[in-house]
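Student: I am new to this structure and would like to learn how to read its features one at a time. Please show me where to begin.

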Amino acid sequence: MTVKLYIDAIRDAIQEEMRRDDSVFVLGEDVGVRGGVFRVTQGLIEEFGESRIMDTPLAESAIAGVAIGAAAYGLKPIAEIQFADFIMPAVNQIISEASKMRYRSNNDWHCPLVIRAPYGGGVHGALYHSQSLEALFYHVPGLKIVMPATAADAKGLLISAIRDPDPVLFFEHKGLYRLVKDDVPDGEHTVPIGIAATRRQGTDITVITYGLMVHHAMEAAQELESEGVSTELLDLRTVAPLDREAIVSAARKTGKVLIVHEDNKTGGVGAEVSAIIAEEALFDLDAPIARLCGPDIPAMPFSPPQERFYMLDPDKIAAAMRQLAAF
Amino acid sequence: MAEVRMPKLGESVTEGTIGKWLKQVGDSVYKYEPIAEVTTDKVNAEIPSDFDGVLTAILVAENETVKVGTPLAVIAEEGQAAASQNETGATAAAEPAAQRASDDGEAQSPEHDAQRSRYSPVVLRMSQERGIDIARIKGSGIAGRVTRKDVLAYVPGKDGESAGGAQAAERKQGDVATLPSASAYAAPDKSESPSTPPASGEAPEREEWLPVTAIRRTIAQRMLQSKQQAPHAWMMVEVDVTPLARLREREKKAFKQREGIDLTYLPFFIKATVEALKEFPLVNSTWAEDKIIVKRDLHISIAVATENALVVPVIKHADRLSVSGLASAISELAQRARSGKLTLDDVQGGTFTVNNTGAFGSILSQPIINAPQAAILTVESIVRRPVVRGDDSIAIRSMVNLCMSLDHRVLDGWVSGQFLRAVKLRLEQMDEQTSLY
């Protein structure tokens with residue numbers, strides 16, 4: 001066990017898997033010589049060479065397409081999209097090709113692809129360096145999406161993603177890179193995809209969230225504890241497939257649910273979580289299911305007060321939690 | 001309440017001095033109207049109000065210097081300002097409720113009642129599972145809403161104790177006891193045992209508030225329904241049961257020894273009733289809007305008061321039983337009623353009710369029909385009275401009144417009178433020759 005930064009845990013996962021398995025390789029813009037614009041892949045090209053830490057042209061569609069082809073060929077690519085906002089040109093490759101490969105070939109082919117992309121705002125990134133895009137992809141059958149909130153989960157989920165025989169989108173919150181550090185098991189450490197984690201046990205209200213919001217929600221929960229409200233906090237960790245069992249069980253525990261995410265509210269992951277709870281736990285609900293999410297505004301403004309308006313923070317989350325607890 | 005603050009009147013201006021207040025406390029102000037003159041080291045200006053309303057407070061006096069941003073005055077805006085919601089525009093579900101709560105108590109009462117009776121799915125489910133009367137739970141949620149935690153925390157009073165003394169007074173040890181106004185058709189389901197929490201707490205000093213148990217509620221409902229639906233008419237006859245009384249006196253000891261149960265008057269009355277019903281089947285019927293359903297089977301309902309419930313078990317096919325058989329049936333049903341072992345079948349299907357109100361000494365009753373039956377008969381107290389006989393002599397006789405309430409949609413005076421006369425005749429013919437078997 002070592003205390004590691006979120007960003008270092010990601011690098012460790014890549015490095016350890018590349019050492020373990022020759023077929024694993026990295027491709028993306030500036031990942032090699034530069035070591036990644038955030039320094040995630042720093043030092044790797046020196047260890048593994050330019051054939052396995054590949055600098056690509058500025059062409060996301062090609063990054064994804066080449067990776068898919070390599071994966072079909074038996075390699076295990078970790079494709080990096082420099083900012084999740086840039087994934088749009090690659091969407092066709094991801095949805096039309098990667099997600100369907102196993103299904104359309106009746107298991108003859110599969111696509112053991114990982115696409116890593118930093119997402120999320122609050123870093124003055126404005127409209128093209130702040131978006132959350134999980135809602136676009138979680139709707140597509142054939143894609144897995146993981147969004148770790150802790151360094152330990154980042155390492156564990158990335159290793160699981162690399163070993164997963166099918167495409168996995170690994171969204172890492174850029175604001176967490178150097179903000180979060182926690183105990184990371186040394187050596188081989190996997191976290192199963194599709195399993196949520198209870199971060200806090202409680203009896204009054206349930207908060208379901210993921211990503212950066214997990215930390216804000218934890219802070220809010222601590223504040224509310226001193227006010228006598230006990231919060232059950234569930235970190236989804238995987239957004240596709242959702243851990244239905246954990247979601248329903250957490251909802252049943254208190255009957256009052258608040259779903260929190262940074263992404264725009266309409267059509268976000270919260271909508272699906274809410275529908276699952278309504279379908280399966282109606283007679284355990286003590287209050288309407290609440291969602292606290294980013295506003296339905298392009299994510300996100302550059303102007304600091306407007307960015308603050310957009311982003312959720314512990315105070316906003318605490319206010320919503322208080323209302324729910326009092327209902 | 002809105003504040004007007006010292007504005008930043010220039011790039012490097014950090015403070016300002018109030019020169020003169022143009023408005024006084026109590027003045028009404030419209031938006032953009034100047035309310036004060038301000039002097040700074042760079043510029044003199046007028047401060048406009050940002051709101052429509054009334055100036056309620058001046059916080060900085062004339063010639064006082066304050067920093068930029070300092071509140072200068074308070075304006076009460078016209079109309080209540082909506083409580084500012086959380087800025088992200090996202091909605092916690094409790095928002096509407098919170099808004100109601102944040103309004104200065106104006107909308108509390110009607111909202112309170114609305115929320116009070118809005119039960120969430122889990123509250124309904126849990127209170128049903130635990131047999132809790134939901135109306136009794138105090139709500140700790142917004143505007144008095146009953147929450148899941150309230151249900152979990154709810155502790156009923158001692159189980160089984162009936163509310164108030166009324167029912168306790170009606171208990172009768174040995175005999176099949178009844179109630180003055182018969183016919184509560186309550187299912188003796190064990191799970192329905194009334195949970196009665198402490199009645200006190202909110203009652204003012206000169207009042208005692210008895211909580212309404214599930215049983216009482218059911219009785220109330222059925223009574224009301226019966227009276228509302230069937231136009232009740234009423235009739236009574238006097239019966240001379242002197243020979244019957246002698247018969248019973250003579251037989252009761254031996255009967256007890258033989259059969260192990262008491263020989264009360266009730267089996268005799270039921271026997272006479274059943275025979276009369278055979279003669280006047282219309283009395284054994286039900287109003288069914290477009291038809292009258294005359295039942296061929298004779299199932300007699302009898303009311304039994306047990307420790308914590310009132311039940312009306314049914315003697316099925318009472319016409320097939322002798323006096324002794326009826327006595328057995330009554331005893332067995334009463335026993336099962338008291339030990340809570342009555343089945344649903346035991347309390348369903350009655351076609352006519354006989355109620356022994358005389359157990360309390362009543363000589364006259366106006367029973368409420370046990371819907372959907374057409375009539376109900378009460379047997380009052382047997383009283384020794386001086387009576388004028390056929391030959392104009394006066395004798396002391398055992399007299400009993402039989403009272404009958406009838407559904408006037410089905411029955412009228414003629415049929416009812418005939419029926420009662422038939423019962424009377426049979427009872428008056430019961431004497432020492434009558435066989436119990």
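Student: Which residues of α7(A) are buried?

Tutor: Before answering, note that this is a predicted model, in which local features need pLDDT of at least 70 and side-chain atom pairs count only at pLDDT 80 or more, while totals for chains, interfaces and linings use all residues. Residues are numbered from 1 along each chain as its sequence is written, and chains are lettered from A and ligands numbered from 1 in the order in which they are written. A residue is called buried if 20 or more other C-beta atoms, placed from the backbone, lie within 10 Å of its own, exposed if 12 or fewer do, and partly exposed in between. By that rule the buried residues of α7(A) are A:A151, A:A152, A:D153, A:A154, A:K155, A:G156, A:L157, A:L158, A:I159, A:S160, A:A161 and A:I162. Because 12 of its 13 residues are buried, α7(A) is largely enclosed by the rest of the structure.

Student: What span should helix α7 of chain A have at 1.5 Å a residue?

Tutor: Helices (H or I, at least four residues) and strands (E, at least two) are DSSP runs, numbered from the N terminus, and the expected span of a helix is 1.5 Å times one less than its number of residues. For the 13 residues of α7 (residues 151-163) of chain A this should give 18 Å, and the end C-alpha atoms are 18 Å apart, which agrees. Helix α8 (residues 212-225) of chain A, with 14 residues, reaches 20 Å from its first C-alpha to its last, close to the 20 Å expected.

Student: What covers the buried residues of α8(A)?

Tutor: Here we need contacts, where two residues count if their C-beta atoms, placed from the backbone, lie within 7 Å. In α8(A), 10 of the 14 residues are buried, so the helix is largely enclosed by the rest of the structure; among them are A:L212, A:M213, A:H215 and A:L224. Their cover includes β7 (168-173), β9 (197-200), β10 (205-209), β11 (231-235), β13 (257-264) and α12 (314-326) of chain A.

Student: Which residues does A:I259 touch?

Tutor: A:I259 lies in strand β13 of chain A and is buried, with 28 other C-beta atoms within 10 Å. Leaving aside residues up to four places away in sequence, A:I259 touches A:I208, A:T209, A:G270, A:V273, A:S274, A:I289, A:A290 and A:R291. The C-alpha atoms of A:I259 and A:I208 are separated by 4.8 Å, although these residues are 51 residues apart along the chain.

Student: In what order do the seven strands of the open sheet in chain A lie?

Tutor: Two strands pair if DSSP finds at least two bridges between them. The order in this open sheet is β3-β2-β4-β5-β7-β6-β12 (chain A), with mixed pairing. Its edge strands, each pairing on one side only, are β3 (53-55) and β12 (238-240) of chain A. From one strand to the next the twist averages 20 degrees.

Student: How many bridges pair β2(A) and β4(A)?

Tutor: There are five, in the parallel sense, and A:F25 has A:P77 as its bridge partner in β4(A). On β3(A), which also runs parallel to β2(A), three bridges are made, with A:D55 as the partner of A:G28. Strand β4 (residues 76-80) of chain A in turn joins β5 (residues 114-119) of chain A through three bridges, again parallel, and A:E80 stands opposite A:R116 in β5(A).

Student: Which residues of β2(A) lie on one side and which on the other?

Tutor: In a regular strand the side chains alternate between the two faces of the sheet. In β2(A), A:V24, A:V26 and A:G28 are on one side and A:F25 and A:L27 on the other, all buried, and both faces are covered.

Student: At what angle do α8 and α9 of chain B pack?

Tutor: Axes are lines fitted to C-alpha atoms, for helices over the stretch in contact, and angles run from 0 to 180 degrees between N-to-C directions. Helix α8 (residues 266-279) and helix α9 (residues 323-338) of chain B pack at about 120 degrees, their axes 8 Å apart. In this contact B:L266, B:P267, B:F268, B:I270 and B:K271 of α8(B) meet B:V323, B:L326, B:A327 and B:I330 of α9(B).

Student: What percentage of the residues in each chain is buried?

Tutor: In chain A, 58% of the 327 residues count as buried, while in chain B buried residues make up 34% of 437. The secondary structure comes to 12 helices and 14 strands in chain A, and to 10 helices and 18 strands in chain B.
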